[in-house]
Amino acid sequence: LEVELPVTVDMEVVEAESAVKGDTATGATKNVVLLTGMQVQVPLFVKVGDIIRVDTRTHKYLARA
């Protein structure tokens with residue numbers, strides 16, 4: 001039996017830390033929790049309800065979908 005995962009998946013953000021105003025110029029990131037329970041580092045502009053694209057090999061944020 002062989003299972004091949006897609007390279008990227010789109011997931012919904014269900015929980016996000018609040019961003020501090022003014023941090024956006026530094027390229028700062030924050031933790032979010034996805035629908036599956038996985039935690040990912042994302043840019044500060046990502047908020048609850050956003051759909052983001054995650055690399056399944058590295059579990060890293062790629063883009064907003």
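Student: What makes Arg64 partly exposed rather than buried or exposed?
Tutor: In this predicted model, Arg64 has a relative accessibility of 42%. Buried requires under 20% and exposed over 50%, so Arg64, at 42%, counts as partly exposed.

Student: Why is the contact of Arg64 with Asp50 called a salt bridge?
Tutor: The closest N and O atoms of Arg64 and Asp50 are 3.7 Å apart. A salt bridge needs a side-chain nitrogen of Lys or Arg within 4 Å of a carboxyl oxygen of Asp or Glu, so the pair qualifies.

Student: Why is Asp50 called buried?
Tutor: Asp50 has a relative accessibility of 9%. The term buried applies under 20%, so Asp50 is buried. Lys47, by contrast, has a relative accessible area of 47% and is partly exposed.

Student: How do you know that Arg53 and Asp10 tie together separate parts of the chain?
Tutor: Their side chains meet in a salt bridge at 2.8 Å, N to O. Arg53 lies in strand S4 and Asp10 in strand S1, so the pair links parts that are 43 residues apart in sequence. Arg53, at 31% relative accessibility, is partly exposed, as is Asp10 at 42%. The structure holds four salt bridges.

Student: Which residues make up the largest nonpolar core?
Tutor: Ten residues make up this core, among them Met11, Val32, Val40, Ile52 and Tyr61. Strands S1, S2, S3 and S4 each give two or more residues to the core. Apart from its neighbours within four places in sequence, Val40 is in contact with residues including Val32, Leu34 and Tyr61.

Student: What makes the phi of His59 worth a remark?
Tutor: Most residues other than glycine have a negative phi. The phi of His59 is near 60 degrees, a positive value in a residue other than glycine. His59 lies in the loop between S4 and strand S5 and is partly exposed, with a relative accessible area of 46%.

Student: How many helices and strands does the protein chain have?
Tutor: The protein chain has zero helices and five strands.

Terms used:
Residues are numbered from 1 along each chain as its sequence is written. This is a predicted model: local features need pLDDT of at least 70, side-chain atom pairs count only at pLDDT 80 or more; totals for chains, interfaces and linings use all residues. Side-chain values use heavy atoms; hydrogens and water are left out. A nonpolar core is a set of buried Ala, Val, Leu, Ile, Met, Phe, Trp, Tyr and Cys residues joined through side-chain atoms within 4.5 Å. Buried means under 20% relative accessible area, exposed over 50%, partly exposed in between (1.4 Å probe, protein chains only). Helices (H or I, at least four residues) and strands (E, at least two) are DSSP runs, numbered from the N terminus. Contact means heavy atoms within 4.5 Å.
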